[in-house]
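Welcome to a short tour of a protein model. Have the sequence and the 3D view ready, and look up each residue as it comes along.

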Amino acid sequence: MSTTQPLVLAAELAAAWSDIQAYHQDLPDLASPEALIGESSSACGTRLGFERLLHEAAHGLAAARDIRDTSRAGRYHNRRFLLLASELGLAHPVEPHASSGFSQVTMLKETRERYAETIERLERALGAHQEAVAGEGASRAFRGPAARHGSSGGGVRVKAVCGCGRNVRVVPSVLAQASIVCGACQQPFKIA
């Protein structure tokens with residue numbers, strides 16, 4: 001895959017986020033668009049697109065306003081999340097999902113119309129990125145900002161072991177970003 005492809009997609013994600021900020025002044029900046037590429041989370045959905053960006057923007061508004069919008073390590077999206085999502089032009093069925101609450105939001109027609117040009121630009125960038133990734137034989141999905149709510153985003157943690165036998169629980173995507181080294185034996189932790 002071209003090394004410029006993730007940069008182009010990251011730039012389009014940042015531009016789309018800026019377009020959302022134009023309507024929601026208290027939405028914080030997107031610290032790392034690259035963090036949106038290549039991770040997955042079943043609670044927030046797995047497909048990267050503008051609807052997912054609006055979903056993450058709801059979490060961004062929650063953080064900016066100091067609102068606790070999830071529980072269960074970020075998996076269960078409560079009614080406060082639903083109010084923020086509604087503010088961004090997202091809707092949800094009447095009843096919450098048993099394990100993820102109101103996480104399965106969808107874009108309203110008016111929202112789709114408001115951001116039509118943004119959606120088109122982002123879909124082109126995503127299409128080009130997915131073609132490049134498919135050329136490598138890899139499959140990637142979206143997880144969203146890992147820093148949300150000061151945690152790793154509630155991903156499933158697995159056991160990683162070092163040379164001396166010590167172990168830690170870690171989200172695999174975090175370990176893939178860089179080695180975590182044991183303070184006792186100076187060996188990297190590896191997934192068991």
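Let's start with a pair of cysteines: the sulfur of cysteine 162 lies 3.4 Å from the closest cysteine sulfur, which belongs to cysteine 164, and that is too far for a bond. Keep in mind as you read that this is a predicted model. From the cysteines we move on to the cores, a helix, a strand residue and a sheet.

**The cysteines**

- A disulfide is a covalent bond between the sulfur atoms of two cysteines.
- How many disulfides does a search of the whole structure find? The search comes back with 0.
- To count as a disulfide, two cysteine sulfur atoms must be within 2.5 Å, so the 3.4 Å between cysteine 162 and cysteine 164 is too far.
- Seen from the other partner, cysteine 164 is in no disulfide, and its nearest cysteine sulfur is that of cysteine 162.
- Is cysteine 162 buried or exposed? Cysteine 162 counts as buried, because its relative accessibility is 7% and the cut-off for buried is under 20%.
- Cysteine 164, at 43% relative accessibility, counts as partly exposed.

**The nonpolar cores**

- In soluble globular proteins, nonpolar side chains tend to be buried together.
- The largest nonpolar core here has 32 residues, and those touching the most other members are Leu9, Leu13, Ile20, Phe50, Leu53, Leu54 and Leu122.
- Which elements give two or more residues to this core? They are helix 1 (4-21), helix 2, helix 3 and helix 5 (116-136).
- Helix 2 provides the largest share, with 7 residues.
- Another core, of 6 residues, lies apart from the largest one, and its members include Ala160, Cys162, Val170 and Cys182.

- At the start of helix 3, asparagine 78 has a side-chain oxygen within 2.9 Å of the backbone nitrogen of arginine 80.
- Just after helix 3 comes glycine 89, with a positive phi of about 95°.

**Alanine 91 in strand 3**

- Alanine 91 lies in strand 3 and is partly exposed, with a relative accessible area of 26%.
- Although alanine 91 and leucine 108 are 17 residues apart in sequence, their C-alpha atoms are 6.5 Å apart in space.
- Leaving aside neighbours within four places in sequence, alanine 91 is in contact with Gln104, Val105, Thr106 and Leu108.

- Strand 5 (residues 158-161) pairs with strand 6 in the antiparallel sense over 4 bridges.
- Valine 158 stands opposite valine 170 in strand 6.

Key: Residues are numbered from 1 along each chain as its sequence is written. This is a predicted model: local features need pLDDT of at least 70, side-chain atom pairs count only at pLDDT 80 or more; totals for chains, interfaces and linings use all residues. Side-chain values use heavy atoms; hydrogens and water are left out. A polar contact is a pair of N or O atoms within 3.5 Å; within protein, one must be able to donate a hydrogen and the other to accept it, and residues adjacent in sequence count only if both atoms are side-chain atoms. Buried means under 20% relative accessible area, exposed over 50%, partly exposed in between (1.4 Å probe, protein chains only). Contact means heavy atoms within 4.5 Å. Two strands pair if DSSP finds at least two bridges between them. A nonpolar core is a set of buried Ala, Val, Leu, Ile, Met, Phe, Trp, Tyr and Cys residues joined through side-chain atoms within 4.5 Å.
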